[in-house]
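Please keep the sequence and the structure in view while reading.

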Amino acid sequence: MHTLKFPAVIAGISMMALPLAVAAQSSDQTEQLDPIVVTATLGPKTVGESLSSVTVIEQADIERQKPAEFRDLLRGQPGVNVVSDGSYGKTTSLFLRGAGSSGTVLLLDGIRLRSGTAGIPPWQFMPPELMERVELVRGAKSSLYGADAVGGVVQAFTLEPKANQQAWAELSGGSHNTRETFAGVAARSGQTSLLASGVYSDTDGTNLRAGGDDKGFRNAGGLAKVSHRFEQGGGAGVTVFQSEGNTEFEGGDTDYMIRAAGLYVEAVASDYWRTRIQFSEARDEQETFGSFPSVYNTLSRSARWDNTLTAGVHELVLGSEVMVDEVDGSDEFAENSRTNAAVFGQGRLNFGASDLMLSLRLDDNEAYGKEETGGIAFGHQFDRSHRVRLSYATSFRAPTFNDLYLQIPSDFGSYFGNPDLNPEKGQMVEAGFSGRYDTWFWDVALYQNDVDELITYVFDPATFDGTMENVETARIRGVELASGFQTDDWDIGAAVTYADTENRDTGARLPRRASKTLRLDVDRLFAQWSVGGSLVAEGNRYNDAANTSLLPGFGTLDLRAAWNFLPGWSASVKIDNVLDRRYATSQGGRSIDAPPFFETFDYLAAGRTYMASVRYDFGR
C-alpha cells in the first residue's frame, strides 16, 4: 500500500514566487488573477467579489495542457475528486466537496446536461477541444440553480470567435493508436459573429483490468453558434453542441449521443433593468450492447427568465424557470416524465468595503413536491488585497427516475423504485480568506456540509429484492487552499484539499472520495515556445460504503512543450503519466467459472502515453 504525505510546505509552494512580485503588472494580468465570473452570482463579478469559492480554467490553460479528456482539467482542483472506470471515455463521476456523483450540476453555456435516469452528467463525453473556459463554483448553489447543486456547479463555456480568426486545422496522434482531427471556422462582421467547429478522435484504448483486452473509444464532437449584439446593449444567440460515438468496457460497449441546443435573447429595458430569456433542449441517449443490453434516453427542455435590476451599487435578480424531463428505455418506468417550475431571487448589496448577498428559490416538482432553498453570504474587503467571506446555504439532490420509478422484475431479485422518496437535503457553512496582489494570489476556504436523508439502495436478504430509501446522513468537512503566480514568463497554479467525509450512521468514510488531493501546474513561457508540467496526487479511498476495499493513493506527472515555429503554425508534444502509474479510483466485478463465481478487479487508468500535434491558424 502506498501512503501519500502532504507536507505543509507543498501547500504554499506557489508562495515561493513572492520575492519575485516586485513590480506592478499590466491590468490584463490583474484580471487573470481575479477574473470575471458569471456562474457564482447569476451575473458578472470578479472571483473576489463573488463571495464564493471559484476556480477558473482559462483557454490558455486548456490550450497548453491539451487534456486527453475533460476530466483531466478537473483532477486535483480544489474540492474535486474524479473517479472513472479506466481511461478513454469510460464512466466518470465527479465528487465536488464530497457530495455524491449526482450532487454536482454541469452546465454548458447555461444549458444543463445530465442523465435523468442515472442522475450523473456525461463528463466522459465532453470534448475539451470545444471548450474555451471552465468555471468551477464550490459550495451549495441550489438557491440559484435548483436541484443537485449540493457540492457546487461546473460550467463549461464553448469556443467564441477571436479577433482576426478565420479558420484552423489541427492533427494529432499518439499512444494506443490514438488519432484526432480538430478544425473550425469563425467570422465577425460588425456586431454579428459565428463559429463552427468539429473534432473527431479514435483510439484503441488500453486494458481496463489486469490481463484484460484493450477497450477503445470513438468520439465525434461538433459546435455551431451565431450571435448578434444590439447597438443599445444586449444581444441574441443560438448554440448547438453535439458529442456522439462509442465506448467499449468490460462486458460490452455503448453507443452514445449528447446534444445541447439553446437560444437566448438579452435586452436592456432601461438604465436600471436588464432582462434575459433562454430556451434550451438537452438530450442524453445511450444504448448498451453485451452482457446486459439496455437503452436509456433523457430529453430535457427548459425555459429560464432572468431580470437584473440595479439601484446605485445594489442589484436584485428575479427570475423563473420551467424544466420538463422525459425518459424512455428498454426497462419499464412507472412514470416517464416530470415537470419542475421554480421562482428565484438574489440580492447583492454593497456597503462600502462590505458586501451582503441573499438568495432564495422555490422549486415545485410534480414528482417530489416543493423544496425551498436559500443562502446568505457576507464579505468584507480589509484593504486593496485582502478579503474575508462567510456564507450559509441550503441545497437538495432530487431523486432520479431510476430511484423513483424504475421497475425491473426478476426471479432472482427484483428492483422497484420508490415513488415516496424525499430529496436529499444539505446545509453548508463556509469561511474563506483571500489575498490578491499584482502577480500572485492565495485563497483558503473551510467548510462543513451536513446532508440528511441520503438516498440509499436497500435489499431484502431473503428475496434479494431491492429498492431505494432515505436512511442515512453524512457530515463533510474540509479545507481548500489555492494559489497562483503569473508574469509574462511564468504561469504557476497550486491547489491542496483535505476532506473528512463521514457517514454519520455508520462512522465510515463515504466511498470513492480521497481525503487528500494536490495539484501543481507550472508553465515557463518564452516568445515562441513554452514548456510545462502538471503534478496530481491523491490519497487513498474506499471503493465501498462498508470501507472494506481500500484503493491506494497515487501521483501522476505530465510534461508538455509547444512551439510556434512559423507564422500561423504551431506544434506541441506531451507525455502524460510520465511515471507510468497504473492506478485505480474504482473497482468492478465479473462472473467467473469457479467458486466464488464472482471476483472484483481494479479499473486501471492508462499508463504512460504520448501525444503530438501540429496546427495551422488561418488569418493570424
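## Enclosed spaces

A cavity is a set of grid points where a 1.4 Å probe fits but cannot get out. The model discussed here is a predicted one, and by this rule it has eight cavities of 30 Å³ or more. The largest cavity holds about 220 Å³ of space, and among its 22 lining residues those nearest the centre are Ala140, Lys141, Ala377, Ser391 and Ala393. At least two lining residues of this cavity come from each of helix H5 (142-145), strand S21 (354-365), strand S22 (369-381), strand S23 (386-397) and strand S26 (424-436). Sorted by class, the lining of the largest cavity consists of 10 nonpolar, nine polar and three charged residues.

The second largest cavity has a volume of about 90 Å³, and of the 14 residues lining it, Gly79, Asn81, Thr497, Ala499 and Ala514 are the closest to its centre. Strand S29 (490-503) and strand S30 (516-525) are the elements that give two or more residues to this lining, with S29 providing the largest share, three residues. The lining of the second largest cavity divides into four nonpolar, seven polar and three charged residues.

## Charged pairs

Side chains of opposite charge can pair when their charged atoms come close. The structure holds 45 salt bridges, and one of them joins the side chains of Glu160 and Lys225, at 3.1 Å from N to O. Glu160 lies in the loop between strand S9 (152-158) and strand S10 (167-174), while Lys225 belongs to strand S13 (residues 214-229), so this pair ties together parts that are 65 residues apart in sequence. Glu160 is partly exposed, with 34% relative accessibility, whereas Lys225 is buried at 10%.

Another salt bridge links Glu321 and Arg361, at 2.9 Å from N to O. Because Glu321 lies in strand S18 and Arg361 in strand S21, the pair connects parts that are 40 residues apart in sequence. Glu321 is buried, with a relative accessible area of 14%, and Arg361 is buried as well, with a value of 3%. Elsewhere, salt bridges that share partners join Arg97, Arg138, Arg389, Glu430, Asp443 and Glu480 into one network.

## A residue in strand S12

Where does Ser201 lie, and is this residue buried or exposed? Ser201 is found in strand S12 (residues 192-207), and it counts as buried because its relative accessible area is 15%, while buried means under 20%. Apart from neighbours within four places in sequence, Ser201 is in contact with Arg179, Glu180, Phe217, Arg218 and Asn219.

Key:
Residues numbered from 1 in each chain as written. Predicted model: local features only at pLDDT ≥ 70, side-chain atom pairs only at ≥ 80, totals over all residues. Heavy atoms only, no water. Helix = DSSP H or I, 4+ residues; strand = E, 2+ residues; numbered from the N terminus. Buried < 20%, exposed > 50% of the residue type's maximum accessible area, 1.4 Å probe, protein only. Contact = heavy atoms within 4.5 Å. 1 Å grid on protein atoms, 1.4 Å probe; cavity = no way out; pocket = protein on both sides within 12 Å on 5 of 7 lines; lining within 4 Å. Points joined across faces, edges and corners; volume = space filled by probe spheres on them. Nonpolar A, V, L, I, M, F, W, Y, C, P; charged D, E, K, R; others polar. Salt bridge = Lys/Arg side-chain N within 4 Å of Asp/Glu carboxyl O.
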